[in-house]
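I opened this notebook to record what I looked up in one model. The entries follow the order in which I checked each point.

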Amino acid sequence: MPLKKKGGNHQRKEEIAHNRLEYLWQISLSYATTMPSISRFYVSIMWEMGKRLNYRLDNVTVKSCFCKKCYTVWIPGKTVQIRQTKNSKRKRVIYTCLYCKRQKRYGTAHRR
Ligand SMILES: [Zn+2]
């Protein structure tokens, strides 16, 4: 069997966690539009696993681009509505989950 081993047998725990979580995330993404319920199921597994392994999911999903309440993968214009608000010097982005209507705000300006 042509099984490739990268870097020998000493694969770090974190690397394994990352690979597994990334794999789950890829599945969730691929089902996000076609079968949202399956996609949510995989996101929930990923979320639980990430918590259990104490692994920051930001490393996998780049941003927290899924709903922490209903686990819907956020696709702009399809599953999430993104609004930008500007007040004075603060810029804010508001994500509204179109499935459970949960809102998440992100501040994009840094305070000094
Ligand atoms: Zn939601």
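This is a predicted model: local features need pLDDT of at least 70, side-chain atom pairs count only at pLDDT 80 or more; totals for chains, interfaces and linings use all residues.

**Entry 1: length.** I began with helix H2, which covers residues 36–52. At 1.5 Å a residue, its 17 residues should span 24 Å, and I found its end C-alpha atoms 24 Å apart, which agrees.

**Entry 2: the buried side.** Which residues of H2 are buried? I listed Ser39, Arg40, Tyr42, Val43, Met46 and Gly50. They cover an arc of only 165° around the axis, so they lie on the same side of H2. I recalled the general rule: an α-helix has 3.6 residues a turn, so residues three or four places apart point the same way.

**Entry 3: the opposite face.** I then turned to the face of H2 directed away from the buried side, and noted the exposed residues Ser37, Glu48, Lys51 and Arg52 there.

**Entry 4: the partner.** What do the buried residues of H2 pack against? I identified the partner as helix H1, residues 13–31.

**Entry 5: geometry of the pair.** Two packed helices are described by the angle between their axes and the distance between the axes. For H1 and H2 I recorded an angle of about 160° and axes 8 Å apart. Because angles over 145 degrees count as roughly antiparallel, H1 is roughly antiparallel to H2. I noted the crossing of H1 and H2 as left-handed. Among the residues making the contact are Leu21, Leu24 and Trp25 of H1, and Ile38, Tyr42 and Met46 of H2.

**Entry 6: after the helix.** Finally, I looked at Asn54, which follows H2, and recorded a positive phi near 55°.

How values were computed
Residues are numbered from 1 along each chain as its sequence is written. Helices (H or I, at least four residues) and strands (E, at least two) are DSSP runs, numbered from the N terminus. The expected span of a helix is 1.5 Å times one less than its number of residues. A residue is buried if 20 or more other C-beta atoms lie within 10 Å of its own, exposed if 12 or fewer, and partly exposed in between; C-beta atoms are placed from the backbone. The arc is that of the directions from the helix axis to the C-beta atoms. Two residues are in contact if their C-beta atoms, placed from the backbone, lie within 7 Å. Axes are lines fitted to C-alpha atoms, for helices over the stretch in contact, and angles run from 0 to 180 degrees between N-to-C directions. Angles under 35 degrees count as roughly parallel, over 145 as roughly antiparallel, 65 to 115 as roughly perpendicular and the rest as oblique. A crossing is left-handed if the near helix is turned anticlockwise from the far one by less than a right angle, and right-handed if clockwise.
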